[in-house]
Amino acid sequence: MANLAIDSIKERTFDAIVIGSGASGSWAAKEFTEKGLKTLLLERGRNVEHVKDYPTTNLYPYEFEHRLEMPYEDKQKNPIANRCYNYREDSKHFFVKDDEHPYIQVKDFDWIRGYQVGGKSLLWARQVQRWSDFDFEGPARDGFSVDWPIRYKDIAPWYSYVERFVGVSGNNDGIPELPDGEHLPAFPLNAVEDHFSKSVAKHYKNRHVISARCAHLSKPNPIHIEQGRVQCQNRVLCQRGCPFGGYYSANAVTIPWAQKTGNLTLRPHSVVHSILYDETKGKATGVKVIDANTKEEMEFFAKVIFVNASALNTNLILLNSVSNRFPQGLGNDNGLMGKYVAFHNYTATIGAEYDGLLQYRTDGRNPAGGGYIPRFRNVYRQETDFLRGWAAGFGAGRAEIRDTSGVGSALKDGMLNAKLGTWRVHSHMMAETIPKEDNFVSLDANQKDAWGIPLLRISIDYDENDRKMRQDYYEQMTEMYEKAGFTNIQTRDDNRRPGNDIHEMGGVRMGHDPKTSLLNKWHQLHACQNVFVTDGACMTSTSTQNPTLTYMAFTARAANYAMDEMKKGNL
Amino acid sequence: MMNRRAAVRTLLYIAGGTLVLPACFRESGKASIDLTNLSISEDNEQLLAELTETLIPATDTPGGKELLLHLFVLKMVDDCHTPEEQEQFTKGLSAFSDWSKQELGNEFVVADADSRTGLLGKIGESTDEDIKQFFSITKRRAIQGYLNSQYVMTNLVKYELVPGRYNGYAQV
């Protein structure tokens with residue numbers, strides 16, 4: 001009996017445990033397994049195997065019962081998921097349904113989640129930009145949050161390391177605030193995007209419209225072929241999962257890579273309840289897991305634990321990891337865990353028309369989506385009455401206009417003989433928000449989910465800085481549009497709720513000082529150094545870049561640091 | 001036996017083909033597809049079929065009836081519209097049936113194509129909101145069903161699943 005118990009513990013003991021199998025978690029698993037560590041990768045959702053579990057990937061529009069539209073009943077049942085632009089008939093099986101995983105909205109918050117192996121890396125917008133020191137130095141310069149304990153030089157080699165492996169298409173534009181990278185050829189701007197780019201360059205000193213950088217294989221390198229991927233085929237049906245592996249997802253890239261080493265144990269249906277802490281050893285020893293289906297409780301053990309459950313769930317797990325030593329949650333001596341949560345403000349768009357360049361149109365589809373405007377506001381110095389700034393997406397296209405006004409053969413002719421419309425341009429704002437103590441998540445004292453885990457209370461809102469910045473976006477973009485000769489300019493506040501940007505960040509922020517932050521510069525909990533947080537929860541500030549590339553680079557850096565420390569016997 | 005709903009769903013997927021619904025699916029007097037929210041008589045289904053055929057007639061290419069657009073309209077109204085719109089659609093369909101009889105002096109389904117097309121041109125003059133709403137939904141969904149049918153997407157306005165290219169400076 002005793003031997004059996006010892007064997008059982010042995011079987012449940014690994015070198016490293018990673019909680020969460022999305023972009024960042026799968027990167028930790030890849031780094032550990034490649035270097036020989038026996039690694040347990042825990043995922044609360046079901047398994048999704050590359051290609052095999054992409055049921056809609058090769059369907060034509062007419063093969064969808066409702067031609068991709070969500071039925072009324074689904075909209076009524078899942079208003080949160082339905083507000084996500086990417087939740088449609090071809091992708092709905094990769095989203096959490098509202099009633100399956102409730103949470104408490106102290107203030108309106110759309111929490112968009114993907115509970116499956118690969119997480120939201122199947123659904124992401126695939127836009128990848130590096131941070132620069134203009135971003136890392138932001139909080140210190142502008143006096144908010146706390147100083148980032150790292151700078152660009154610390155992360156730059158890891159950006160390169162990640163970019164080479166996942167494949168990033170883009171130009172090296174030579175813009176200090178958006179550092180160059182290890183890029184595959186960019187998807188070029190189209191005629192009107194190019195026109196806008198040139199017009200902006202002519203009229204403004206520090207404003208740029210560049211080809212959007214995206215995690216697609218415009219021209220695969222041998223490493224990508226070795227991963228079993230081929231060139232992006234411009235389908236732009238990415239949310240279904242890509243049979244070509246044309247874009248980076250954990251499912252197509254990092255998880256199979258980790259599996260090939262023979263060192264990975266992937267365990268789906270594993271809801272992490274908490275992290276186990278041993279007071280005598282002064283460190284975490286493992287995790288308590290609840291089987292999602294059987295509700296059976298079990299424990300797994302390891303020397304190192306990476307928490308990559310997605311920003312808010314990472315907060316939840318740590319807050320729920322209570323012990324005598326840590327009554328407020330693991331590593332939460334200062335009571336700041338769950339606070340200073342921030343996100344990206346996506347509430348503004350601006351459209352217009354352009355009558356020129358009618359000799360051109362687009363042919364095929366652009367997976368990068370068009371252009372990207374790096375933040376230019378308050379970069380070199382404070383120049384407005386709001387803090388920080390915004391980046392923006394920009395795209396142009398010509399619609400095929402079908403006359404549907406008639407009936408009978410006139411209608412049929414009108415539908416089948418489309419006329420090419422003039423160019424329409426579109427931009428959306430991606431603005432930094434300032435982390436504040438009163439934007440927070442916490443655990444509900446009474447209500448629990450089906451696995452006995454407290455429900456998360458979310459209390460996050462926009463503020464005056466966000467509204468001022470939106471106004472600035474309207475004004476500046478309108479001016480830039482006018483200079484480019486665009487007409488019929490229409491600004492639009494799309495009233496989306498916080499969370500709908502799907503860039504929630506913070507709550508377990510990094511910093512120099514254990515009194516004012518939770519993680520050190522290596523992503524270790526100050527107070528429990530064998531627990532690392534490298535997903536969105538670690539973010540001290542948000543800047544304007546799409547964050548996933550930075551999470552992946554943070555993860556690779558921290559995982560390699562953890563392995564060095566293990567070798568030295570420090571963990 | 002094949003599940004009836006699944007079979008009908010398959011028919012709807014391939015609604016671009018030349019399939020005619022097998023009679024065995026049909027319960028006398030009722031609509032030929034399973035509907036959750038709508039209650040549509042066999043007669044009104046036929047009326048809707050002729051209406052979509054009038055909207056999008058067969059020429060040297062298939063029209064509404066052959067592409068089963070009336071079933072697509074019913075499926076979408078049944079699943080994707082609000083209860084209020086569904087009620088308006090059902091009421092409007094019956095009202096349209098009566099109104100067209102008055103206007104044509106005959107059943108819509110037996111009237112000649114020109115009279116039917118002419119009648120649809122007069123919908124705007126109708127003061128009946130239900131008829132207008134019914135017609136607007138039917139037309140919009142018929143157009144959607146047509147442009148998204150297998151026939152049109154593979155023969156007339158081709159849909160590319162795998163373009164494999166992007167050119168931002170294509171000559172018009």
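# Briefing on a two-chain predicted model

In this structure, helix α3(B) passes helix α6(B) in a right-handed crossing. Two packed helices are described by the angle between their axes and the distance between the axes.

**Helix packing in chain B**

- The helices α3(B) and α6 (residues 129-147) of chain B pack with their axes 9 Å apart and at an angle of about 115 degrees; because angles from 65 to 115 degrees count as roughly perpendicular, α3(B) and α6(B) are described as roughly perpendicular to each other.
- On the α3(B) side, this contact is made by Leu69(B), Phe72(B), Val73(B), Met76(B) and Val77(B), while α6(B) brings Ile137(B), Thr138(B), Arg141(B), Ala142(B), Gly145(B) and Tyr146(B).
- Sorted by class, the residues of the contact of α3(B) with α6(B) are eight nonpolar, two polar and one charged.
- Helix α3 (residues 69-80) of chain B also meets α2 (residues 42-55) of chain B, where the two axes come within 8 Å and cross at roughly 115 degrees, and the crossing of α2(B) and α3(B) is right-handed.
- In this second contact, Glu45(B), Leu48(B), Ala49(B) and Thr52(B) of α2(B) meet Leu69(B), His70(B), Val73(B) and Leu74(B) of α3(B), and the residues of the contact divide into five nonpolar, two polar and one charged.

**Make-up of chain B**

- Chain B has seven helices and one strand, and its elements run α-α-α-α-α-α-α-β when followed from the N terminus.
- Of the 172 residues in chain B, 35% are buried.
- When contacts in chain B between residues at least 6 apart in sequence are considered, 66% of them join residues at least 24 apart.

**Where the two chains meet**

- The contact between the chains takes 38 residues from chain A and 40 residues from chain B.
- On the side of chain A that touches chain B, the elements that give two or more residues are α8 (191-203), β12 and α12 (409-416) of chain A, and by class this side has 16 nonpolar, 12 polar and 10 charged residues.
- Strand β12(A) is joined by four bridges to strand β1 (residues 166-171) of chain B, and these two strands run antiparallel; within β1(B), Tyr166(B) stands opposite Gly364(A).

**Helix packing in chain A**

- The axes of α2 (residues 23-34) and α14 (residues 548-567) of chain A come within 8 Å and cross at roughly 30 degrees; because angles under 35 degrees count as roughly parallel, α2(A) is described as roughly parallel to α14(A).
- The crossing of α2(A) and α14(A) is right-handed, and the residues that make the contact include Trp27(A) and Phe32(A) of α2(A) as well as Tyr551(A) and Met552(A) of α14(A).
- By class, the contact of α2(A) with α14(A) has eight nonpolar, four polar and one charged residues.

- Three strands of chain A form an open sheet of mixed pairing, in the order β3-β17-β16, with β3 (104-105) and β16 (440-448) as the edge strands, each of which pairs on one side only.
- Strand β3(A) pairs with β17 (residues 454-459) of chain A in the parallel sense over two bridges, and Arg457(A) in β17(A) is the bridge partner of Ile104(A).
- Helix α11 (residues 311-319) of chain A lies across β16 and β17 of chain A and runs at about 55 degrees to β16(A).
- The helix α11(A) is mostly covered, as nine of its nine residues are buried; among them are Ala311(A), Asn313(A) and Leu319(A).

**Loop residues with positive phi in chain A**

- Leu357(A) has a positive phi of about 55 degrees although it is not a glycine, and Leu357(A) is found in the loop between β11 (348-354) and β12 (360-364) of chain A.
- Leu357(A) counts as partly exposed because it has 18 C-beta neighbours inside 10 Å, whereas a residue needs 20 or more to be buried and 12 or fewer to be exposed.
- Asn495(A), which is a residue other than glycine, has a positive phi near 55 degrees and lies in the loop between β18 (487-493) and β19 (505-507) of chain A.
- With 7 other C-beta atoms within 10 Å, Asn495(A) is exposed.

Terms used
Residues are numbered from 1 along each chain as its sequence is written. Chains are lettered from A and ligands numbered from 1 in the order in which they are written. This is a predicted model: local features need pLDDT of at least 70, side-chain atom pairs count only at pLDDT 80 or more; totals for chains, interfaces and linings use all residues. Axes are lines fitted to C-alpha atoms, for helices over the stretch in contact, and angles run from 0 to 180 degrees between N-to-C directions. Angles under 35 degrees count as roughly parallel, over 145 as roughly antiparallel, 65 to 115 as roughly perpendicular and the rest as oblique. A crossing is left-handed if the near helix is turned anticlockwise from the far one by less than a right angle, and right-handed if clockwise. Two residues are in contact if their C-beta atoms, placed from the backbone, lie within 7 Å. Ala, Val, Leu, Ile, Met, Phe, Trp, Tyr, Cys and Pro count as nonpolar, Asp, Glu, Lys and Arg as charged, and the others, Gly among them, as polar. Two strands pair if DSSP finds at least two bridges between them.
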